[in-house]
Every structure is written in structure tokens, then in C-alpha cells.
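Dear colleague,

I am handing over the structure that we spoke about, and I would be glad if you could look through it alongside these notes.

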Amino acid sequence: MFQSVFVIKGGKGMITKKQLIKELRKNVQEMYAIEIEDATEQELFFSLGTTIKGIYNKNWQKTWNNYLAEEQKQVYYFSIEFLPGKLLKSNLLNLGILEVVRESLAEFSVDLEDLAAVEKDMALGNGGLGRLASCFMDAIASSGLPGNGNGIRYDYGLFKQQFVDGYQVELPDEWLRNGNVWEIRRDSKAVNVHFGGDVYMQPKSNGKLGVVAENETILRAVPYDTGMVGFENGIVNTMRLWSVEIPSSEEGKYRSIEERRVFEDLTAVLYPDDSNARGRLIRLAQEYFFVSAGIQSIIRYFKKLNHPWHVLSEKVAIHINDTHPALCIPELMRILMDEYEVSWEQAWDLTSKVMSYTNHTIMAEALEKWPTYLMKRSLPRMYQIIKEIDRRYVVSMSGIHDAALIERTRIIQGEDIHMANLAIIGSHSTNGVAKLHSDLLKAVVLHDFYTIYPERFNNKTNGIAQRRWLQLSNEPLSRVLDETIGKSWRHEPADLKLLMNYQNDPIVLEKLAKAKQQKKEELAKYIQETTGIIVNPTAIFDVQIKRLHAYKRQLLNLLHILKLYFEIKENPQASIYPRVFIFGAKAAPSYAYAKSIIKVINEVANLVNHDQTIGDKLKIVFLPNYNVSLAEKIIPAADVSEQISLASKEASGTSNMKLMLNGAITIATLDGANVEIRDAVGDENIYIFGLTEAEVYAYYENKNYSAREVYETNPIVHRVLNAFVDGSIPNIEREGQEIVDSLLLYNDEYFLLRDFDAYCEAQARLNQAYQDATHWQKCSLINIANAGTFSADKTVKQYAEDIWQIEPLFAHTHQGR
Ligand code: NBY
């Protein structure tokens, strides 16, 4: 029975150069009726992708057959966003054939890097939340864990960003235009999803009450599967993304093209908002669509195993990534009750055992609420079940907890359905994404629930896939690590710790500096090619990359830059080490204030970069269209990592971990995972500044912050703010005023002015420290050495043990790697 698992092999030696070229040649011939030598890059990329897929398909089948044969418990990670980026090199690395393929292509004078660049980023996510889901997919497969992704195959991913006159312009992301070589469409696994209509109860022939639905709109959910290749372990898991189609039986039912369009376009675009939960009908329909399709396919799988229902929670775990998939809870209830006549009590018991939920934010505007009328109208059966969950919740808590507490925690309040409340009540686990964040959930945001269900709350600090964020994106550093500490870190990120033994070794420090320099030169070249700006590659590369949001305080960074600018102008002799400030950030298209900040950064860049008196001392580069692929270029070249959100607002952050792993030194507030980074590297190896979370809350409590007072009493703040409205910065009449108003008129919601001096002071220390190259390099080494603790492999193992109760495939067969 365990036989087949032994056949699974991964890693080096999987295929020889000769075999690979033979396969590739065959594919080019079959797909395009030409020879490798005559193929365009595009054709070659697709043929190579097909070849690679052919290599892992057997393992994909075997992995699946083993899960089936062993009936292993599986986790299904439901996420409305996945952000894998490009897959070619990641698949090659994980299959252990990166070098073989590189060398094979070289025989035809083809550079693997050029081919890899042909692939379009798969950008079906906004930012941290979506990228985390993809790091987890990589880590789950690489840890040999039985886990699958479930999401939406958007026709258009996150918009492409361009700057026109310094303004953000959004263009559609046509990532599927040339086809997607990695996906497999599975018509045989398509399911129907029902919307709207009238739902009521009626006695069935067996006398029991049954649910009858009339006038529903029925849509077809077609799955497209992508293999998630584990790192040198022969495992290939599945990310299943659903696409909408109109079933042929329904064709005639639409009254108008407009009406049809709404449904046809259900999976057309990703909502580009990473912070505001907007109550849009289509968004709700998207949520239900992938939830219902996913749960149906899970139940179909479970039925195959032929077990009684009470075994469900021993075979299946369902993870709800933020509240967007929270309808998993009523949908599983519906299927169990309506389709299989399971009692409410048993269905509820199973549902809460199966479900778990991660919260990614404390920002009130991001907490999802749906108007009851919308739920009632578009998903009437969901509404009925949610109402009943809510009713039973209130009844079960009465007499145990006081009425006010129950009112504050129930699901339906006034005209709204609170999705986080549904997710917490209907699951057995709620976790935050960094220690501080999880503590704040317990103490503040979800405190009421914590008093009711203390045992459900736990922390799972985020992690990153070091395969993509170090092995793939930073080959020079990876080589230095191999030479210095051996290669075990490639499988076991914790082994990066071995580097600590070399913190005083001048040769190693020198090698690390060289590796960094190489990546800085590559980035400098890219900057010149894409923006025309010439930067000095020996300057400090100071990086802030993340979505544009007021709480992340890109504006604080800009205030400091302006301070430096004025200082240099006044005193060209000032001892400021040359610095390049690099930004990458998209603003939600509807987020006007964030867009104003982009405009202002671009105008300041324009002013400073063209100022002859400044020269090389200060350059500002806002790279357009920040995405996974651009992150892979920027992060390895960074000297400084800006993590300057207002304490308590950033749930975790993950770019902080990626930058640290690549030897950047962090300047940060004690927010999110920055706190744990500080604990890992020690106070001497990070620049911490600003209000703590407790001080921020004290201000809220005492309501005694006055931004205007800072402005009136701090001459530098005065000077810098005036520049926004006195014409010193050209072309920002409207935006400059808007920003000054937000700071002075509306009292600076995110305490930029309060933290300004502390930030500048930390920046000055950093500037000083950089000039002692050995000291800086040692600090950088210590950051790299301690970054292993933020590995996604470690994080998903914690989820697997504490929340999902799943085991690696190899644990079952007692087969080590
Ligand atoms: O999740 C991010 C957090 O801001 C970041 O601190 C954390 O590291 C990361 C992973 O845990 N949250 C995030 O990316 N959120 C979204 O993208 C998002 C998207 C949509 C909506 C809300 C948030 N929405 O309301 O529709």
C-alpha cells in the first residue's frame, strides 16, 4: 500500500541535459512545428514550461494518489488572493534542475533569465495577504504537507501601474493574453453554484422538511489547477482556482445582455483595494462563488473515502484566510444539511471542528461587513443559515455572558452581517500574524471574543519562502552562504545561524559586501533603463516597498527626505553619505489620499534629482508597478529597510523579513513582526524609533495629541510642511494642501509629526553607522544569520501541528528525504 510513495523522488539528477534537450526539442516541434533554433523567446518559454510540467506531472499524480491511498488529512487554504509571481525558475529550483536547464539553454545561446522574463507575473492578489498565501503554498509543498489552495482565477490580476505627470494611472493586467502554461483546466471537476432566487421550506416525500429553491441563477465553476512543486522532495500539491462560465442550460434565461454580463464577469477582475472592505454585490458573489465551488469539491472528495460524517474533521481542515472566505461556514452547513440530511447539531459540530481563521488586520475599515439586504437578496440560503447561527449563538450565550457582551459579539447587528464574528464563532481557531498583533487582538480588537473563547486564540507569526526570496532572487549571496556555511540552509533556513560564527571574519564580511554590491549595480542599471535616473551604486540604497497607505507612513519617509534636502541646500558641505531612496507602491484606485502621496513623492523626486547642488548626495526613485518580480530585483540590493508604520497598525509585514534575509538593516517602529526582528537581532543591529503601541493607545485614551503644536514649536517640521504649500515643490498645489490639511487640520491621524524627530534621529545614527563599513557589514551579517526564524516552512509547520492537525506525507511512511 505504501509502495508508490517510494517512487517519489525529487532533486538533482532527475533529468540529464541530454534528456531535457530531447524533450524540449520534441515539444517545440509538436507545439509549433519548428526547431529550437528557430523558436522565438515566447515559443521557447511555452515549450520549456510544457517540458517542465511534463517532468513534475508524474509526481503530481503520485502525490495525489498517495494522499488518497493513505487517506491523509488535508488542509484546504481558502484565499481570495494568491500572488505567486513567476513560476518558471521557482519550479526549476524546487525540482532541482535549475542548473541543468540553464546549461541546456546555453547550448542554444539562450539565457534562462531572458526566457524567465517572458513569463507574466501571476498577480492575483493585492499585497501581503496574497503573497503570504503563495509563500505558504510553496512551504506546504516543500514540507511534504498535504495541502491545497482554493481561490479565484481572475482574468485580470492587480492593475499595472504607470506614472503620467507623476500621477498613478491604472492599466489592466492582461496576464492571460498569451495563455498560461502552468494551469490545467479540469472540466470534469466543474460544479454549479447557485445565486439569488426564492428559498423556502417544504415537506419532502419522507416527511422531513426540505429546502426548495426557485428562480435561482446557476453558474458553472470551472477549476484550473496549478502544481505547487515542493523543494527537492517529489511532492506536488495543487492550487485550484475557479473561473466562472454560464452553463449551456442557462443560456436562455437572461433577459438582457447587461444582466448576463454581470454573471459572466464574476471572475473577471481582482478587487484592487487592500484596505477598505466595500459592500459591492459582485465582491460578495465572488466570495460565495469560490467558497461554494471549493467546499463542493472537498465534499465530493470526502464522499469518495466512504466514511461516516463524523470522520470529516479527521480528514479535512479548511483554513479561512481573512474573512473573505468566511461563507465557508454557512456553505458547509448548507451542504451537510440540505444535500445530505445531516442534523443542524452534527453539522455545526463538524463545521467548527473543520474551520480555522486568520485575521490580518486591526484596521476597522478593513473588517468586512455585509448589508443584510444584500445577503438576503443574492444569497438567500446563506442568509437563512447565518441568521440561525446568530440566533443560536445568542441563545447559547444567554445566562453565561451579559447581554451587552452578547450584542457586541453577535453576527447580525443592525443592518450588517459581521464576517469576522461569523468566522470566530464558526471555527475552532483564530490567529493573528505576529506576536504583537495577536496580543492586540486579544486585548483590544477582539477582546470580547477573547473573554468568551480564550482557548481559540493563538499566534502564528508570518514567514517567507527563503527559496524565492534568497535562493532564487539573490544568487550572489546564496553562493557566499554555500561557501561559508555549507548548503544545509537551503533546506533548513534555521541553519543560517551558522553564519554567526563569521561575524568577525573580514574575508566573509568582504564577500558579503561584494555580493550586495553586485545586486546594487544590477538594480542601478534597471533604474536607469526604466526611469532614466542615474544613481550611484555605492550610495546607501534605502528601500520602502509595500502598498501605499497612510498608516504605513511613506509620507514620514518623504518628510525626512525633505529635511535632508533643505540641509544640503543650506550647507552643501554637510556630512551626509550619498543615499538613494527607493519606493515601490501601488495605491488603491479609489484611495485619493494615497494617490496624492504618490504624486508628491514623484514631484519631490523630480525636484531633487534635477537639482545640481545636490548631485549624488540624494536621489529619489519611485519605481512604477511594484510587484513580485520587481521585489525580487529590489530586495537583494537594499541596504536599508524602511518599516515605519504607526505602532499597532501593521499586523505583521513580510517585506521586513525578506529585506532582513538579504542583509538590509531595518529602521523601524515597534510594530508587527518588527518587534520579533528586533528580538532576533538585538537592539544594536536594528534602528528602532518612535511611539510604542502602548503610547499610541495612551494618546487615543487621553486625546491629548496636537499636531499643530508640533508644527508651531518645531522649526524643521514647520519648514518641511510649508514646502508643501509655498511653491517650493512645483506642481502640487492641490496635493500639497491636502497633505498639510491631513496633518494639521485633521490632526495627523498616524502621528507622523509626533514621530518625526525620533525618526530623523534614528536616520542620523544609521547614516553615521554606514560609514564604518566593517561595522555595517557585521550588522548585515547578523541580520542574515537570524532571518531563518521567519521561514514560512516553520510557520506552516506550526499551523499544521496546532491548528490543522495534519502530518507530512513522509511521516506516514517513515521515509525521510
Ligand atoms: O497581510 C496584510 C497586512 O497588512 C500585513 O501586515 C501582513 O503582513 C499581511 C500578511 O499577514 N494585509 C493585507 O495584505 N490585506 C489585504 O490585502 C486586504 C485585501 C482586501 C481587503 C482587506 C485587506 N478587503 O477588505 O477587501
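Below is what was found in it, beginning with the division of the chain.

Please bear in mind that this is a predicted model, in which local features need pLDDT of at least 70 and side-chain atom pairs count only at pLDDT 80 or more, whereas totals for chains, interfaces and linings use all residues. Residues are numbered from 1 along each chain as its sequence is written.

The chain is divided into domain 1 (71–86 + 121–460 + 798–813) and domain 2 (486–692 + 755–791), with bounds that come from an automatic or database domain assignment. The C-alpha centres of domain 1 and domain 2 lie 35 Å apart. Across the boundary, 34 residues of domain 1 are in contact with 29 residues of domain 2, where contact means that the C-beta atoms of two residues, placed from the backbone, lie within 7 Å. On the side of domain 1 that touches domain 2, the elements giving two or more residues are strand S2 (82–85), helix H6 (128–142), S5, S6 and helix H16 (435–445); helices (H or I, at least four residues) and strands (E, at least two) are DSSP runs, numbered from the N terminus.

Lysine 658 may interest you, since the UniProt annotation "modified residue: N6-(pyridoxal phosphate)lysine", from an unreviewed entry, covers Lys658; such annotations may be inferred rather than shown by experiment. Lysine 658 is found in helix H24 (residues 655–661), and it counts as buried because it has 30 C-beta neighbours inside 10 Å. (A residue is buried if 20 or more other C-beta atoms lie within 10 Å of its own, exposed if 12 or fewer, and partly exposed in between, with C-beta atoms placed from the backbone.) Leaving aside residues up to four places away in sequence, lysine 658 touches Ile464, Trp469 and Ile635.

Helix H22 (residues 592–609) has end C-alpha atoms 26 Å apart, which agrees with the 26 Å that its 18 residues should span at 1.5 Å a residue, the expected span being 1.5 Å times one less than the number of residues. The buried residues of H22, among them Ile597, Ile601 and Val608, pack against elements including strand S5 (160–164), strand S6 (167–171) and helix H29 (733–745).

Finally, asparagine 731 sits in the loop between helix H28 (715–722) and H29, and is partly exposed, with 16 other C-beta atoms within 10 Å. Not counting residues up to four places away in sequence, asparagine 731 touches Gly166 and Glu603.
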